[in-house]
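I opened this entry to record what I looked up in the structure. The notes follow the order of the look-ups.

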Amino acid sequence: MISNILLTVALLCGINGLLALFLIIAERFFLNYGPCTITVNESKTVRVPGGSSLLSTLNNEKIFLPSACGGRGTCGTCKCRITQGAGPLLPTEMPLLTQKEIADQIRLACQVKVKRDLSIRIPEALFSIKEFKAQVTLIKDLTYDIKLIRFKILGDDEILFKPGQYVQLQSVSYDDVKESVSRAYSIASSSDEKKSIDLMIRLVPEGICTTWVHQYLSEGDEVRFTGPMGDFCLCEGTGEIIMVAGGSGMAPIVSFLRYLIQTKSKRKVTYFFGAVTKKDLFYLDEMKRFEKEMVDFTFIPALSQPEPDDQWDGETGLITVPMKKYIQQIDTETCQAYLCGSPGMIKACVQILNENGVTSDRIFYDPFA
Amino acid sequence: MKQTPGEQQLEIRFRPGQITKSGFMGDDTRHIHDIIEADGKVLERFGLKKADIADRLTLFMDEGKKELEGKVDLGEYVVQVHWARGLMPCPFGEPGLHPKVVVHVFSKASRQEIRYSQLSVHMIRKHGFWGGKGSVFRLEPIDVIRLLKMGGNGE
Amino acid sequence: MEYLSPITIFFAAIFTSNILLTYFLGMCSFLSVSKQIKTAFGLGLAVTFVLTITSALNYIIYYTLLQPFGIEYLRYIVFIVLVAAVVQLLEMFIQRFSEVLYINLGIFLPLITVNCAILGVSLFMIIREYTFLQSVFFGAGSGLGWLLVIVAMAGIRERLNEQKIPPALRGAGIVLIISGIMAMGFVGFSGIVQIQ
Ligand SMILES: Cc1cc2nc3c(=O)[nH]c(=O)nc-3n(C[C@H](O)[C@H](O)[C@H](O)COP(=O)(O)OP(=O)(O)OC[C@H]3O[C@@H](n4cnc5c(N)ncnc54)[C@H](O)[C@@H]3O)c2cc1C
Ligand code: FES
Ligand SMILES: [Zn+2]
C-alpha cells in the first residue's frame, strides 16, 4: 500500500520534474537571442541584449525614436529603415505600411524584435534627442485652464533646441493612473536659455497628462522629459511674417518672438491670437513688451464670443476674420505664415492663406497634431 | 466561456491610465461584449443602427469644429467643441489614431446636455461600445436617442 | 475487434466520428473562437498540430511508464501535464522561428491546453486499444476534423452577422442550434465506416 503510494508520487514528481526541466532548457535554447549588434547609419554600433523590441532596445541605448502610441503598433510614428536582419514583415505592421514603404525596407520599430544583428537608418537629428531630469521651479496660472510651468534641468546637461521645437514630458503615476505616459509640449522659452525651459500646458478635461500637471504637480518636483523634437521652426527669409495661434498654441510663437528679438531681426511680424472670451487671453503684458522691443511687431487678439462684461473693443469674430482682412491688404509675395493650434484652426487658416497668395510651401505648422 | 489572451489584452487597454485617465469601464463589472450587446438592444428597440447615431453625433461635431472653441447655436441645440492637439489610439486596438476632440451638445428644449469625444463616436460606429456604466464619457443610448429625437417611440 | 487500417481511422476521425460533432468535445473554444474564419483556421491548425504530437507522446508514456508500473489511473493528470508542456514548447518554437505565425496564432496556443478534445483523443486511443500508428493517425484526423468544423462554423457565422435573428437566439444560442444541424449532417456519413 505505502509502497504503491510512494511509487505513484515518485513517478508523478519524476514526470513533472522532467518536463519542467525540459521546458527550462528549451527556453534557454529557444528564447535566448544572446547579445546582438545594431549598426546605426553605418557609423555607430551598439551591442545590446536581444529579445525585446527595437524601439525599447534603442531607448535603453539613449536613442529616442518617436512614438505616439507607446509601442502598441497603432500610430506608425516609430517607422524606421532596417536594411539588414529585420526578418519577415509581421502582420501587426502590415496595416500601417504602404507598398512603397515596404519596398524601401521601412518597418515599425516597436514591432520588430531584436533577434540577430541589425542594420538601421534613422535621421541624424534623432541623435540630438536626450532624456533630461528636471525640477519644477515655477507654476503660474496664465488663464483659468492654462498654466506656465518652468523646468530647471538638473546636472550638467544642457538643452539645445531651435525655437518651435517641442519636448515629450513624462508623467508619473498618480491616483488610478499606474503607468507613465509621455505627451508633446512646445517650448515657450528662449532658445538662448539652455538650463531651463518653459511650457504652456492647457488642461484637457479627463486628460491623463494635463490632469497630472494641473492637479498633482507642484514646485520642487522632479520630472523627466525627452527632446528636442519637431521641425516646426523659423525659416530663413526677409519677408513679412504672419503668426496665428490660440490657447496653448502661443508657446512656440513666444519662443519665435524671443528669438527674433535676440537676433535683432528687422522682419515685420503680425501675430493673430484667437480666443473665445476675455478670460482666455493671457501674456498681454509680454506682448506689449515685445511690441516695444521689436522693430515692427503687432499683436492682434480677437474674441469670437466676447461676454458683455468683457467690454471688448478689439477685433471680434473667429481669428480668421482679422487675419483675412489683414492679408488682403498686404503684398503676400514673400510672406511666411506660422500656425499653431488645433487642426481645425490650422485647416481654416491654410485655406484663407492659400486663397490670398500665400502658397503652402510658405505656411508652417506641426503636422502630427 | 474561456477568454483568449487577446481578450485579456483588450481588457487591459480599457483600464484607468492605459489610454485614458479613468478608463472606459467606470464601475461596470460586465464583460465588454455584454455591454455592447445590451446597448445594441436599446438601439434595436428604436429601429436604429449604430451608424445612424454616429452620423448624427459627427454632424454636431463638425458644426462645432467650425466655430473653433466658441458656442454654435443650431436652433434647437447649442454645440461647443474643444480640440486639443495630439492623437490617441482606440482601446479595441486596431491601427489608427483619433484626435482629442470633446463635444458638448446642449438641447434647449429638454435643457439637457451630452458630452462625447471623437473617440466615443468612433467606438459607437465601429464597435458599438458606448462606455461602461459610470465611466466619464459613458453615453446612455436612451438619453442620446431622446435628446437627438431619433427613432420612433420604441417599445 | 477487427483491425482498422490507420488510414481508415484517419478519415473516419475527420468525417464519420468527428470529435467535435459526434462527441461534442472542444465545444468551449469552438463556441468562442468561431467568429472569424481567419482566427478559427489558426486555432484549428494549432489544435491539429498539438493533437498529432500529444497522441504520439501520450501513447509512449502510457505504454512505457504508466502501464508497466500499474498506475494507469494517473493517466488523466499525466496526459494533461504533457499536453501543457507540448503547448509551451510549441509556443517557444513558433516564437523563435516564425514570428508571423506566432502573432497570427500565438494567442490561441495557451488556450489549447484546456481544450478537452485533446485529452479526449488521448483517452479514446487508450480505451480503443489502438496501436501507435493508429493513434497518431487518429490524433491527426481528429485535429483536421475539428479544424474543418470550426472553419465551417466561422464561415456560417460571418454570414449570420448580416441576418435578422430573433434576439433571444443571438450569440451562443444560434451557434448551438447550427452545430446540432451540422452534427446531423456529419452523422449521416457514419454508415460508411464506424470507429465506435
Ligand atoms: C507637436 C505637439 C505639440 C503640442 N504642444 C502643446 C502645448 O504646447 N501645450 C499644450 O497644452 N498641449 C500641447 N500639445 C497637446 C499635448 O501633447 C496633449 O495631447 C494634450 O495636452 C492632452 O494630453 P492628455 O494626456 O491630458 O490627454 P489624453 O488623456 O491623452 O486625452 C484626453 C482625451 O481623451 C478623450 N477621452 C478621455 N476619456 C474618454 C472616454 N472614457 N471615452 C472616450 N474618450 C475619452 C477625451 O476626448 C479627451 O479629449 C501638443 C501636441 C503635439 C502633437
Ligand atoms: S510606436 Fe506607435 S506604431 Fe510603433
Ligand atoms: Zn476602434
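I looked up Phe10(C) and found that this residue counts as buried, at 17% relative accessibility (buried means under 20% relative accessible area, exposed over 50%, partly exposed in between, with a 1.4 Å probe and protein chains only). Phe11(C) counts as partly exposed, at 44%. This is a predicted model, in which local features need pLDDT of at least 70 and side-chain atom pairs count only at pLDDT 80 or more, while totals for chains, interfaces and linings use all residues. Residues are numbered from 1 along each chain as its sequence is written, chains are lettered from A and ligands numbered from 1 in the order in which they are written, and side-chain values use heavy atoms, with hydrogens and water left out.

Aromatic pairs.
I noted 28 aromatic pairs over all chains. Rings of Phe, Tyr and Trp (its six-membered ring) pair if their centres lie within 6.5 Å; planes under 30 degrees apart count as stacked, over 60 as edge-to-face and the rest as tilted. Tyr62(C) and Phe79(C) form a tilted pair, with 6.3 Å from centre to centre and 55° between the planes. That pair links distant parts of the chain: Tyr62(C) is in helix α3 of chain C and Phe79(C) in helix α4 (residues 75-97) of chain C, 17 residues apart. Helices (H or I, at least four residues) and strands (E, at least two) are DSSP runs, numbered from the N terminus. Both Tyr62(C) and Phe79(C) are buried. In chain A, ring pairs join Tyr271(A), Phe273(A), Phe282(A), Tyr283(A) and Phe299(A) into a cluster.

Charges over rings.
I looked for NZ of Lys or CZ of Arg within 6 Å of a ring centre and within 35 degrees of the ring normal. Lys279(A) lies over the face of Tyr144(A), at 4.7 Å from the ring centre. Arg128(C) lies over the face of Phe124(C), at 4.6 Å from the ring centre.

Salt bridges.
How many salt bridges are there over all chains? I recorded 23 from a search of the whole structure, each being a side-chain nitrogen of Lys or Arg within 4 Å of a carboxyl oxygen of Asp or Glu. One joins Glu131(A) to Lys62(A), with the closest N and O atoms 3.7 Å apart. Glu131(A) is in strand β6 (residues 130-141) of chain A and Lys62(A) in the loop between α2 (54-60) and β3 (79-84), 69 residues apart. Glu131(A) is partly exposed, at 23%. Lys147(A) and Asp141(A) also form a salt bridge, at 2.9 Å from N to O; Lys147(A) is buried at 14%, and Asp141(A) is exposed at 52%. In chain B, Glu37(B) and Lys41(B) meet at 3.9 Å, four residues apart in helix α2 (residues 32-45), about one turn of the helix. I also noted a network of salt bridges linking Asp39(B), Lys133(B), Arg138(B) and Glu140(B).

Nonpolar cores.
I took a nonpolar core as a set of buried Ala, Val, Leu, Ile, Met, Phe, Trp, Tyr and Cys residues joined through side-chain atoms within 4.5 Å. The largest has 66 residues, of which Phe30(C), Leu43(C), Ile112(C), Phe138(C) and Trp146(C) touch the most other members. Helix α3 (residues 37-66) of chain C gives the largest share of this core, 10 residues. A second, separate core has 33 residues, among them Leu148(A), Met243(A), Phe297(A) and Leu303(A).
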